[in-house]
Amino acid sequence: MNAHELVLEPGRSEKNYWRDLWRYRELFQVLARRDVSVRYKQTVIGVAWAVIRPFLTMLVFTVVFGKVAKLPSEGAAPYALMVFAGMLPWTFFSTALSDASNSLVANANLISKVYFPRLIVPTATVVVALVDFLISFAILVLMMAWYRFAPDWKIVFLPLLVLLAFLASLGPSLWITALNVKYRDFRYVIPFIVQLGLYVSPVGFSSSVIPPQWRLLYSLNPVVGVIDGFRWCILGESAMYWPGFAASLSVTAFFLWFGIRQFRKMERSFADLI
Amino acid sequence: MSRPIISVEGLGKSYLVGHETAHRERYTALRDVVGRHVRNFGRKALDMMRGRQIIQGDDVEEFWALRDVSFEVNEGEVVGIIGRNGAGKSTLLKILSRITEPTTGRVTLRGRVASLLEVGTGFHPELTGRENIFLNGAILGMTRGEIKRKFDEIVGFAEVERFLDTPVKRYSSGMYVRLAFAVAAHLEPEILVVDEVLAVGDAQFQKKCLGKMQDVAQGGRTVLFVSHNMAAVSTLCSRALVLVRGRLEQSCDTSTAIASFLESLKQDAQNDLASRSDIKGTRAFELERIVCLSADGAEGAVASGEEARIRISYRRSDHFDSAANLILAIRDSFGRPVAAMNTRFTSALVDLPREGVIECVTPSLPLVAGFYSIDAYVYLKGTHSSGGDLAFHLADAAQIHVLPSDKVPASRLQDAANAGVMALDQIWTQADKAACVS
Ligand SMILES: Nc1ncnc2c1ncn2[C@@H]1O[C@H](COP(=O)(O)OP(=O)(O)OP(=O)(O)O)[C@@H](O)[C@H]1O
Ligand SMILES: [Mg+2]
């Protein structure tokens with residue numbers, strides 16, 4: 001019986017937090033499955049929605065940046081394809097950020113009535129965004145067939161890049177989620193971040209249009225690394241700008257560490273604040 | 001004797017709460033309002049920069065929901081926790097189940113804790129009964145295997161076989177509660193922590209829940225049980241803790257604890273209600289005291305079927321001129337609404353003086369024996385239904401102890417759920433058979 005003697009004290013950060021997180025993996029699955037099935041049950045066009053939104057944005061960007069502003073694509077890749085390859089990870093990132101930031105407040109009843117590692121809730125929402133992402137990936141495949149554009153061997157790195165996109169979304173999401181519980185005003189800030197991010201990230205254009213002297217600085221935006229990576233792997237037309245990719249990776253790692261740390265610091269008071 | 005399964009030492013929990021001072025002031029000068037807003041904004045900005053919590057309101061006060069609580073529970077004990085609203089019962093359970101962190105002191109748990117603070121936590125209306133069983137089970141800490149093994153038992157207990165694949169938003173509220181309780185009732189932790197969950201569902205189901213709780217209690221599980229239902233506490237628990245404003249006042253056998261709790265309620269009734277901390281509303285009209293008197297003037301206790309007189313002392317601020325709408329809602333020990341007394345039906349209460357006493361008399365109180373509580377509401381500038389301003393609201397403002405009488409004898413707890421709450425005047429005879437034919 002003494003096997004699980006547990007001491008609760010103020011300020012005691014839990015020694016076996018990660019083991020606990022592992023013990024609650026079933027709850028994680030269940031919550032993720034709940035969120036996915038609720039999402040696709042509630043909106044009649046659930047699946048369609050995941051597809052239509054990035055597709056329409058892609059059309060607009062292709063016209064504005066490709067046709068009107070006449071920005072160059074990457075190598076021989078059609079402009080629309082290049083935009084869509086960047087649109088996918090961006091949509092994933094923005095959906096994850098805005099859904100996760102609401103997730104704790106939306107699950108307030110759970111938070112205030114049962115114990116579980118709170119990290120589960122926003123992470124489960126990011127998984128839901130991942131499902132959307134995978135669905136709209138089908139559109140990319142169709143588009144590639146339409147343009148008769150075959151990816152080369154670099155496509156084998158796709159799973160790793162999806163993982164990178166997941167981690168790059170998770171870090172900032174956790175941080176914003178925790179802030180949103182404490183300072184509810186953050187919910188007004190997030191749509192703004194998402195809106196702005198769409199234009200400062202290389203979604204509608206290739207990051208090769210950025211002047212070389214600014215390129216490294218530009219890559220401090222973690223989404224830049226993810227989008228460049230996706231284009232490199234799917235289109236395989238331009239050389240990867242490795243220093244920038246390394247910078248994006250470091251920023252992603254930093255945000256992940258920082259997000260988890262901030263989240264855990266505030267986690268203990270969630271039930272009292274919510 | 002082995003070590004206690006739960007030890008609590010010097011436990012305390014404080015919350016920061018904000019107050020709005022604006023409503024209490026009679027005059028509000030624009031200068032004051034602006035000054036207050038600027039001050040508030042400054043404080044909030046400062047708090048945010050320091051990474052502290054932001055609190056709404058004009059003054060921030062530290063409030064101790066629990067203070068210096070120490071006790072031990074041995075394995076297999078069933079312990080009741082009683083105390084009036086806001087005494088800190090739920091806070092204590094939340095700390096034990098790790099939902100919130102203590103501010104001071106320490107708790108040592110030597111067993112797995114499952115908590116049931118609410119029935120149906122995490123149920124999702126869009127999902128089917130089957131999906132919700134798995135969801136809720138996982139939330140309460142059951143593994144998938146465990147839920148699968150008990151699935152049939154849970155469905156049987158809840159009596160919802162036919163609706164398993166219907167979204168629970170189509171369930172009647174009774175079915176919903178039955179399903180939710182059924183999942184929780186099949187938890188098998190070493191320590192079970194239960195908060196006020198019997199106050200839901202219909203009478204028959206409550207009886208079933210009580211029975212289930214009794215099985216759990218007799219099964220050697222350690223249980224902490226919070227309830228306002230003294231009858232349930234005294235049947236289920238061997239020992240009880242009495243919390244009074246966050247402090248542990250008593251820890252002794254159930255009957256002594258209940259007696260001392262009821263005594264403290266009676267003493268509280270002597271005090272001014274306006275000093276209670278759980279009042280809501282603008283307080284432009286305050287109730288000072290509510291007592292229930294029997295025909296012979298005994299306070300607090302009334303016999304079933306006899307005259308009951310509720311006496312309310314009040315005071316009001318002088319800047320309102322319309323009539324007040326006063327509502328007294330009576331609830332039984334399961335928390336179910338039983339009856340309400342509402343001044344909407346009378347015109348006797350216009351032009352009230354600044355302070356005074358109002359009485360409401362029921363010639364024969366048609367309630368069966370037991371404990372009832374009164375929630376008080378006062379609305380100004382209109383009634384509750386016409387959208388008046390809530391001036392005063394206090395839950396559990398007074399207690400009525402209804403004694404058994406010759407007309408309506410008391411019934412035991414297990415029957416109480418079936419006996420209902422009404423004491424009807426009843427005349428039984430044998431009818432003439434011939435008279436029925438026509
Ligand atoms: N998150 C919170 N922030 C501020 N105050 C809180 C919070 N949670 C509880 N309190 C306060 O702590 C006090 C104790 O609350 P608690 O819920 O423990 O009472 P209780 O004994 O369970 O009452 P009841 O019988 O009504 O359930 C109350 O005055 C309540 O207002
Ligand atoms: Mg409570």
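Biologist: Hello! What should I know about this model before I start?

Modeller: It is a predicted model, where local features need pLDDT of at least 70, side-chain atom pairs count only at pLDDT 80 or more, and totals for chains, interfaces and linings use all residues. Residues are numbered from 1 along each chain as its sequence is written, chains are lettered from A and ligands numbered from 1 in the order in which they are written, and side-chain values use heavy atoms, with hydrogens and water left out.

Biologist: Thanks! How many salt bridges are there over all chains?

Modeller: A salt bridge is a side-chain nitrogen of Lys or Arg within 4 Å of a carboxyl oxygen of Asp or Glu. Counting that way gives 24 salt bridges over all chains. One of them pairs A:Arg34 with A:Asp35, at 3.1 Å from N to O.

Biologist: Are A:Asp35 and A:Arg34 buried or exposed?

Modeller: Buried means under 20% relative accessible area, exposed means over 50%, and partly exposed lies in between (1.4 Å probe, protein chains only). A:Asp35 and A:Arg34 are both buried.

Biologist: Which residue forms a salt bridge with A:Arg215?

Modeller: Its partner is A:Asp228, with the closest N and O atoms 3.7 Å apart. This pair links distant parts of the chain, 13 residues apart: A:Arg215 belongs to helix H9 (residues 212–218) of chain A and A:Asp228 to helix H10 (residues 222–234) of chain A. For those labels, helices (H or I, at least four residues) and strands (E, at least two) are DSSP runs, numbered from the N terminus. Both A:Arg215 and A:Asp228 are buried.

Biologist: What about B:Arg331 in chain B: which residue does it form a salt bridge with?

Modeller: B:Arg331 pairs with B:Asp396, and their closest N and O atoms are 3.9 Å apart. B:Asp396 has a relative accessible area of 7%, so it counts as buried. Shared partners can also build a network: salt bridges join B:Arg283, B:Glu286, B:Glu288 and B:Arg315 into one.

Biologist: Now strands, please. Why is strand E7 of chain B largely enclosed by the rest of the structure?

Modeller: First, the general idea: in a regular strand the side chains alternate between the two faces of the sheet. In strand E7 (residues 222–226) of chain B, five of the five residues are buried, so the strand is largely enclosed. B:Thr222, B:Leu224 and B:Val226 are buried on one side, and B:Val223 and B:Phe225 are buried on the other.

Biologist: Which strands are joined to E7(B) by bridges?

Modeller: Two strands pair if DSSP finds at least two bridges between them. Strand E3 (residues 78–82) of chain B runs parallel to E7(B), joined by four bridges, and B:Val79 has B:Leu224 as its bridge partner. Strand E6 (residues 191–195) of chain B also runs parallel to E7(B), with five bridges; there B:Asp195 stands opposite B:Val226.

Biologist: Finally, how many disulfides are there over all chains?

Modeller: A disulfide is a pair of cysteine sulfur atoms within 2.5 Å, and the count over all chains is zero. For B:Cys237, the closest cysteine sulfur is in B:Cys252, 12 Å away, which is too far for a bond. B:Cys237 is buried, at 6% relative accessible area. B:Cys360 is in no disulfide either, as the nearest cysteine sulfur, in B:Cys292, is 9.8 Å away. B:Cys360 has 25% relative accessibility, so it counts as partly exposed.
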